Each structure stands twice: as structure tokens, then as C-alpha cells.
Amino acid sequence: MRTNELVDRTAAFCRQWNMLPPAGGTALCAVSGGRDSMTLLHILMRLAEREGLRLVAAHFNHRLRPGADRDERFVRDWCGKQGVAFLSGGGDVRAHMTGTGVEDAARRLRYAFLEDAADRLGASRIATAHHQDDNAETVLLHLLRGAGTCGLGGIPPVRGRIIRPLLEVSRAEIDAYAAENRIPYVEDETNGETVYTRNRLRLEALPLLEEISPGCTARIAAAGVLLREEDAHLQAEAGAMLPAGDGREMILPVPVLNRQDGAMRRRLVRTMGQRLGVTLTRTQVDGVLALGSGGMASLPGGICAVRRAHQLVLRKTEALPPPLTLQPGEQVWGPWRITVTESPEPAAQGPDTLVLDAAAGPLAVGAWDGTGRLAVENGTRTLKRLFLDQGIPPERRGEHPVLYAAGKPAAALGAAVDWNLRPQAGRPCILVVFTPIPGEE
């Protein structure tokens, strides 16, 4: 009775979240060989038979433990006996840590393998064995890290083609199902090591909390569900206030921003960042909101935030390459094709042309670093002021190439040429023509 009940509950949960592919479709099940994933595979086998689905078990060998190869053989052999299609992959987790912990590197490699396998098999769903207790642990872990409503929402039932059919099933129910159906599994020897934060939460913190308040694990997971729903509602509210962007720039009218309370203002800025592909921290969001009219802030991912009198703009800027010493003829630097020629007579400046006296010597082109001055008729002015005089907004100034002579600014496209290096009558000059490369502007 317990077996059929849990299978039926899982089927109902899958229908609620549209987890299963249409009849004839393929679902991939991530199987480590542990009790949770073996139980998930067993349940999905029954659902696949009911729904007419193709089920494939996928195992990723992290090669971090002595028993890793044993686990892979175990899953392969069991699937072979049950007639379940099986595939495996592996990777060097430690080589992919790149400043992150081993758990994070393992997770990234594992999901990359699953996504690639799903692509190759034409699978529209990838099932993982996250359950109710995992969700409670995730909510607590994010709470300890100071997360907002998004993080406190825990594990989503569906993310892209990733599905979690057991997300409302407790660990105790999984244990009972595995025992009743005599499902074999292997133990990960690292599960008992409290050096890992999540393990310590599972082995020490949650049992203590259950002792203080029996049933709290389920309630914590349920609270995560409520927070996730409320976060989704607030996110939809914020999204409706934002004009459509082009993936490179988001513009929010300041009156719209000012009509909101602090919580919604932060969400609006965070959502603008998300639409440009960057996740902003609370400190970064507060920094954007603190900008006065005309203020500017650099954000991660090459994003620039600018506050004008009536607009808040977040704009993605492409990183320009290192400085390049210019040679006669044509060369490419970043989004520009640059042509350098010498003329026996002075030529006129233009919107895409900088003209300097030939005595300016070897020139290099580079991105503006926010500093530098150019000589003008009555003294010197900062490049910042010269850009301002030409009406070039702060977020676009980094896109204007600067010419350097002997390491000092000699000219800036769209702004000015140093007064001491301007072309002189009767003397040869250097013409530097900038042509945007199509598709790179």
C-alpha cells in the first residue's frame, strides 16, 4: 500500500508541475547509486511504464572517492538487470575548482554532463532526487548566508528541463519505500563527514531542531515554498514596471523608481541586472540606488550604472583589448578597424578621424581609463570634461578610443586632439581613421 501511495503522490506532483515529457518522450534520471537516486529511478520506472516514456539512467563519476568506480559499476549492473538504458560520464573535479569549493565544482561538472547527455539523447527532462529534507537544508543554508526571498525559496520543483519529482517526499518516506521494495543502494562514505557544511546541517543541526520542534523539517521546506511563490509574484510585479530592453541596456524612469518602497526599488535594480546577465549583491544594489543625478558606478560583468535626472540606466559595455601600438596601414583593435596614413598637408578632423601633427611620433590606441588631460587653447582640461563638453554620456565614454603618445593621452575620438599636437600648416600630418566593424558596434 505504501508503495502505490508514494508512486501515486509522485505522479500527482509531476502532473502539477508538468514534469513528465509527453508519451513517447525521453526522461533522463540522474543516479549516483545512493538510496535517494535509486528510489527515484525505481519510481520513475513505474511512471515511465504507465505514461509510455523512455527512461535513461545517467551516472557521473566524480572520481573523488576510493569507492567512485564501485558506485558506477553498481548502477550500470543494476540497470542492466532491470533493462534500463544507462550512460555514464566523469571528470576531474579538482581541476575545475577555479576558486570555488570541491562541492560547487562537482555540481557544475555533473550538471554540464547531464545537460550534454540530454541534448545527445533528445531528452526533454532531467530528473534529480532532491527531496523535502534537502529543501529544508537548502533554506537553512541560504538563511545562514543572509539570502533574501529568492534564496530562501529553496529548491525549485522545475528549473529549465531539470525536474525534482521527490521534492515533497521526506527522507523517512524514501527510506521506507526503499526498504519495502528491497531497492539496493551504495553508501557515499563522505556523507558522514561533518567537514562539509550541508552534511553538518543534516547530521547535527536538523536533528537538534527536530528535537526542539518536532516536524520542523517539513515546515521549513513548506515555508520555502511559500517564499518562492511570493518571490515569483514580486518578481512579476517588478518585471511589469521595467521597459523591454535589448539585452545590452536597461532604462528605468526615475519617477517609476521613486514611487516604490525600498524593497521594490532594490528588486527593480536587481532585475535590471539579471536581464543583463549579472547577479548583483545587496551592497551593489544599494550603491546603485545611492547614485545622485549624474552619478555613475561600475558593476560586475562589464555593467555600468548611470543615474540621470530622469533615468536610471544599466548598460553592458564590451571590454576593450589592451593598448595597441599603431603601424602605418590597416589594423584591427576591438570593435574598430583603424587605418593610419600620413599626409603631406593638414587634413580636417572628422567624427571618425583624428588628425595629429606628424611630430606626435609613434602612437598607440587604448581604452580610456578615466584619467588624463589634454592641452587646449587656454590651458588643459581633463578628458572627462572634454567628453562632457561633447555631450558624450558617462556610460559611453569607455567606448571612445584614446590615442597615446609616449604614454600620455594625445587625442580622444569624439572629444579633442591635444592642442600641442594638432596639425600645423605646411607640415605633414598623421590621419587615424576609425571604422566600426559590422556587428561589433
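Reader: Hi! What should I know about the model and its numbering?
Author: It is a predicted model, where local features need pLDDT of at least 70, side-chain atom pairs count only at pLDDT 80 or more, and totals for chains, interfaces and linings use all residues. Residues are numbered from 1 along each chain as its sequence is written, and side-chain values use heavy atoms, with hydrogens and water left out.

Reader: Thanks! What is the radius of gyration of the protein chain?
Author: The protein chain has 30 Å, while a compact globule of 441 residues would be near 22 Å. That radius is taken over C-alpha atoms, and the globule rule is 2.2 Å times the number of residues to the power 0.38.

Reader: And what box do the C-alpha atoms fill?
Author: Roughly 100 × 50 × 45 Å, taken along the principal axes.

Reader: How much of the chain counts as buried?
Author: Of the 441 residues, 43% do (buried means under 20% relative accessible area, with a 1.4 Å probe and protein chains only).

Reader: Switching topic, how many helices and strands are there?
Author: The protein chain has 14 helices and 21 strands. These are DSSP runs, with helices being H or I of at least four residues and strands E of at least two.

Reader: What about contacts?
Author: Counting contacts (heavy atoms within 4.5 Å) between residues at least 6 apart in sequence, 70% join residues at least 24 apart.

Methods
Buried means under 20% relative accessible area, exposed over 50%, partly exposed in between (1.4 Å probe, protein chains only).
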